[in-house]
Amino acid sequence: MTTIRREVLTLPAAPLGPDNPLPPLRPLDEAHRIDERDRAGLPRDMARQVGYEPLRSLLPAPVRDGYGRVREPREFDALVIENDRLRATVLPALGGRVTSLFHKPTDRELLYVNPVLQPANFALNGAWFSGGIEWNIGATGHTTLSCSPVHAARVPAPDGGEMLRLWEWERLRDLPFQVDLWLPRDSDFLHVGVRVRNPHERPVPTYWWSNIAVPEDRRVLAPADEAWLFGYERRLRRVPVPTYDGADRTYPRNSAYAADWFYEVPDGRRRWIAALDEHGHGLVQTSTDVLRGRKLFVWGTGPGGRRWQEWLTEPGTGGYCEIQAGLARTQLEHVKLEAESEVSWLEAYGPLDADPEGEWHTVLRGAEDRLEAVLPRTGVDAAYEAWRPHADAEPGERLATGSGWGALEVLRAGWKLPGTPFEEATLGDEQRPWLHLLHAGSLPEPDPGAPPGGTLVARPWRDMLETTAATPVAEYHLGVAQWHEGDRAQAVRSWERGLKNAAARWPLLRCLAVADQEDGHHERAADRYAEAFDDLCARVRDGAEGSPRASGASGGGEAGAREALPGSGGETSWTAATAALGGEAIGALLAVGRTADARAVWERLAPSVRARGRFRLTEAALLAAEGRRAEARAVFDEGFEVADLREGDEIIGRLWARLADEPLPARHDFRMRPDGD
């Protein structure tokens, strides 16, 4: 019989650190956007979904950029689901990631298992890590839940055994979802039932891709003769499978640069994808037909792809690729989920033995026949039908706790969501001000000992903010909600009203500075950033109204090394605020040539902040702007690592090109596209 048990998994891990306290007001810089030149030639349904409500903002999710690159052994709660043939290990505190899928009869690990946990800037909101099977919901890209906890509990399985249920509230689209994992008796396949619900009275765009990391020394098989190729030059084109541009691209190592290969699986064909080694052993994923898309992601053999692979793990670890399955043909699309409806499907993961070598169609027929023998297509459909009545089963023993955002939304709207209870007991400090607004009609005064918390931006919350007392904190949050909805002029007016009586001016000034930048008023933006940073430093220095005092700090000017800050979480939250605002302020001041003012901000950052890789890069840019090119070059020679370097970001290479004639050093080469594109 299937068992579910708790374990502790110890991994070398870099701490996640605090979230960025500044609201993400700028447009989303998402690499996976189509070049407009390619839109005209798309199939009609694909073109419609590519243009259907792409994500414009990360709000209300915070940016997660507080992690570093110093890894130490750390314990993680793991949930293990196991039968006599298969063992799956799940990390509920990290998005419910299936970190291992081990086949016991053959003594084989079916996934790529990362031996470390190293956050990197690949999720929509920052922190993400590689390896295993991840559940991506929300919008194009890796989910904001990549490094966040989800709820978990035992639930009765269709065969009378146990299921492991994972569920959460996805905040970008305000959708509840669940993932049910179970192992039928004597099965070699992990069964996964997924359901996404739209409780709203309007259609909502939805997105889902299950991403499976496997070793890259594989051949990837999917039942297709064509694929949509998307690279980091942001061009989308239809290409043949398996051979394109003189190479068989179903072997990940035959691609030089990072790319997505979205397979065009014909209608009516069974949905599956497999990755097999040279001996014909590997993993297969299949599903009911609702999960339409199949994809291969490769890092490529170029220096940038190799560097990213090293960056995400430790030296000497084998490379990986990803095989994926999603609701649409490509990850450039969003699917309309009608009002008060749901979408659900069943996936299965397990071992496959088939010959990977030979003529493409012969290989596909052999693999498909073998899959049909070990897991018939009708069996997957039957398993889905057997699971559906259990999707509403109330969870039993709680095994992990996620966020309180779902509980807050259920309280607000009174929704009934059988199978995924979002209980009031899960409400925490982040939800407390909004719970007060919901029940009392007003926002409480913010804790003077901490930066402002996040803003809820959905229309019902904006309506409440518009009718509550116009205090500075209410005007601040109302402005963020208005900005998110595209009402920028009203947002600016709200922030300006709030500024008149605000004790802490810096959060409102920063919002106004971003608005100025977006409107092209760069000098005024620089002024406001400088004023905001001055105000933040004054509050830290003076301890005004309960904000942290500089006790025993040395160096670093006014804000200085304010490492010893009182209060629960005070140190990390105020250090994060100073770092985030200081970094933005320096960038704004350098953009208008005010190097002396930028230097003044730099000097007031804490030494621990200035030592971070991101700020070492900032220091090099500041030195270059001051004409001190040799000193800027010396920063590179001394070495640094920008822990939160964004996927596809070429900022390091651009600065290097200003400072040196020689090629970019390999340790800084993260380019994911060919030169010149």
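What percentage of the 677 residues in the chain is made up of buried residues? Buried residues, meaning those under 20% relative accessible area with a 1.4 Å probe and protein chains only as cover, make up 59% of the 677 residues. The legends below describe a predicted model, in which local features need pLDDT of at least 70, side-chain atom pairs count only at pLDDT 80 or more, and totals for chains, interfaces and linings use all residues. Residues are numbered from 1 along each chain as its sequence is written, and side-chain values use heavy atoms, with hydrogens and water left out.

**View 1. The whole chain.** The chain has 17 helices and 27 strands, which are DSSP runs numbered from the N terminus (helices are H or I with at least four residues, strands are E with at least two).

**View 2. Helices α7 and α8.** Helix α7 (residues 459-467) and helix α8 (residues 472-484) pack at an angle of about 145°, and their axes are 9 Å apart. Here the axes are lines fitted to C-alpha atoms over the stretch in contact, and angles run from 0 to 180 degrees between N-to-C directions. In contact, which means heavy atoms within 4.5 Å, R462, L465 and E466 of α7 meet A474, H477, L478, A481 and Q482 of α8.

**View 3. The surroundings of A139.** A139 sits in the loop between β8 (133-137) and β9 (151-156) and is buried, since its relative accessible area is 0%. Leaving aside residues up to four places away in sequence, A139 touches L55, L124, R173, Y207 and H334. The C-alpha atoms of A139 and E53 are separated by 9.5 Å, although these residues are 86 apart along the chain.

**View 4. Two cis peptide bonds.** L59 and P60 are joined by a cis peptide bond with omega of about 10°, and P60 lies in the loop between α1 (44-50) and β2 (72-82). A cis peptide bond with omega of about 10° also joins V241 and P242, where P242 belongs to the loop between β17 (236-240) and β18 (243-244).

View 5. D107, in the loop between β4 (97-103) and β5 (108-109), has a positive phi near 55° although it is not a glycine, and D107 counts as exposed (over 50%) at 59% relative accessibility. D174, in the loop between β10 (162-170) and β11 (175-182), has a positive phi of about 55°, but D174 is buried, with a relative accessible area of 14%.
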